[in-house]
Amino acid sequence: MKRRTFLLGSVSGLSLVALTACVSPTPRPSASVTPKPTSAPSLVPKPAAMRRTSWSADPFARGSFSFPAVGATPEQRDALSQPVDDRLFFAGEATSTDAFGTVQGARDSGQRAARDVIAAADVGERIAVIGAGMAGLAAARDLQDAGFDVFVVEARNRIGGRIDTVTDTDWPFPIELGAAVVRRTGDTTLDEDLTDRGVATAPFSGVPEARTAAGAVVEVPDTGAQAVATALAWAAEQPADVSIAQALADSGASKLSTTDADIGVSDADWLDYQITVVLDPKTGAPVAEQSSWYSAADTAAKNGADDDGADDGAGEDRIVLGGYATLLEDLSDGIDVLGSSVVTRIAYSDSGTSLRLGNGESLSADRVIVTVPLGVLKTKVMEFDPPLPFAHRGAIAALGMGTLDKIWLQFEEPFWDTDAPLWSTVGVVDDFRVWINMVPLTGEPVLVGLVTAEAALRLAEVDDDEFLAAALTSLEPFYAGVPTSTPTPE
Ligand SMILES: Cc1cc2nc3c(=O)[nH]c(=O)nc-3n(C[C@H](O)[C@H](O)[C@H](O)COP(=O)(O)OP(=O)(O)OC[C@H]3O[C@@H](n4cnc5c(N)ncnc54)[C@H](O)[C@@H]3O)c2cc1C
């Protein structure tokens, strides 16, 4: 949708948003299926199959990944990772200082928590791991291999957490509703581990193709990146951390021309591009909440959970094409996983720990590793008795949880005419600003749209038809007209 079109139509649009925002969302699983949507008010053809996510509404995630919120520090991740009385141990991507927001960070954190337990416990002790995501299963694997009596308690009826591979007949290859990319964050071996298991991956780094509302392909200048760099340099001199939005405003870096150049894109549009296509997907959060001191723009190499492929200078990322969950199946082999079991309370003392489940049952263990997402810890649905130390509570409150949602669309045939694997738009107000084109990666006419930050929170509350309509509108700059293979009437 063109920017000006949106401004003219914004009154009804905002009213609708306000109305939907008043309705409390019913917790629902992260993904829902609508194989054949019925209405799609767009030039873009209807897809044959669709799958969407709503990670913020997912009661066992409450967001997609942690991010550096304004005022939070990396030391708080470290604080969150500290054992409490050698009874409670913490893992999960949010406890990783150098690879938070990633699968690699989650795995590292699980292995670190296992080492902490091994250092504090006697072999043979009974260890409970809460959460069967990458962190929990990595911890459980190492502990079981080291001779501990391990069991995993998982709220969902599946393992994997924010790795959610769907393999079914609606799709020509396994699709990823959560993590899809192996981030080149430091020394990851995830790609090799996947290859060893016969799981296909493909290189996935590079600058996305950028299009205007009219569909023109444009070079991305460094206007937006420079404005953000100026704002961050200004913020680094301030006595306290401020948000990137505030840094942009107070440094004057956001004072850019709003006059369209020949291509219909202004300098201000390029700053918006830097924010919505580059920064927001890295964090899942609006710039008003992102730290300027520990910005994802600076820590891109550390925070790999970005836009599923935009070049962050951290080396070559690889997109997983054959099922990320394969890693989890191997990790969980022979591990006792108690599914569909929500932990609501953890009591701990010198003599051991006790878990209460949502169905009223209790379980005991010598020690517990907690790997539930930061978003879940923030909701306080899990009670700790005694309460966690201030340092842990401070970290939970301060660190941010961002949202990135996906829509997977399968078409009968491509309606687009670009071979670029990664797309973006500039000078528009559409919700899905980044797209992955699976044709060059798999040969299949499948697209993946990404929606982040405020737009993701707003769309989490709409039904599948509205979600799809927003996605198809966002795809209009890529619509190449009637496919050439469509038969023309005599
Ligand atoms: C849409 C999306 C895209 C992403 N893209 C990438 C990417 O491309 N590359 C990348 O590296 N990372 C990506 N990430 C991040 C990555 O998925 C996570 O960092 C990683 O999977 C987190 O693993 P974890 O074990 O820390 O947490 P989780 O996988 O969330 O595991 C925690 C587990 O705890 C369970 N749980 C929650 N509450 C309870 C309870 N009360 N009782 C019992 N169990 C409970 C949950 O169900 C879950 O299974 C993405 C995430 C999302 C959502």
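**View 1. R62 lies in the loop that runs between strand 2 (49-53) and strand 3 (65-67).** Keep in mind, as you look at this and the other views, that the model is predicted. What is the value of phi for R62? Phi of R62 is near 55°. That is a positive value, and R62 is a residue other than glycine.

**View 2. A cis peptide bond joins D385 and P386.** To find this spot, look for the loop between strand 19 (383-385) and helix 12 (390-398), where P386 lies. Omega of the bond between D385 and P386 is about 0°.

**View 3. Three strands form an open sheet with the order 9-13-10.** The pairing in this sheet is antiparallel. Which strands stand at the edges? They are strand 9 (181-182) and strand 10 (201-203). Each of these two has a single partner strand, so one side of each is left without a neighbour in the sheet. Now follow strand 9 across to strand 13 (residues 318-320): two bridges join this antiparallel pair. For one of the residues involved, V182, the bridge partner in strand 13 is R318.

**View 4. The ligand is surrounded by 40 residues.** The closest of them are V103, A135, E154, R162 and V181. What kinds of residues make up the shell around the ligand? The shell divides into 23 nonpolar residues, 11 polar ones and six charged ones.

View 5. How much of the ligand does the protein cover? On its own, the ligand has 1,000 Å² of accessible area, and the protein covers 99% of that.

**View 6. The ligand takes up the space of the second largest pocket.** Which elements give two or more residues to the shell around the ligand? They are helix 4 (103-120) and helix 5 (134-145).

Note on methods. Residues are numbered from 1 along each chain as its sequence is written. This is a predicted model: local features need pLDDT of at least 70, side-chain atom pairs count only at pLDDT 80 or more; totals for chains, interfaces and linings use all residues. Side-chain values use heavy atoms; hydrogens and water are left out. A residue is near a molecule or strand if one of its heavy atoms lies within 4 Å of it. Accessible areas come from the Shrake-Rupley method with a 1.4 Å probe; for residues, only the protein chains shown count as cover. On a 1 Å grid over the protein atoms alone, a cavity is a set of points where a 1.4 Å probe fits but cannot get out, and a pocket is an open set with protein on both sides within 12 Å along at least five of seven lines; lining residues have an atom within 4 Å of a point. A molecule sits in a cavity or pocket if more than half of its atoms lie within 2 Å of its grid points. Helices (H or I, at least four residues) and strands (E, at least two) are DSSP runs, numbered from the N terminus. Ala, Val, Leu, Ile, Met, Phe, Trp, Tyr, Cys and Pro count as nonpolar, Asp, Glu, Lys and Arg as charged, and the others, Gly among them, as polar. Two strands pair if DSSP finds at least two bridges between them.
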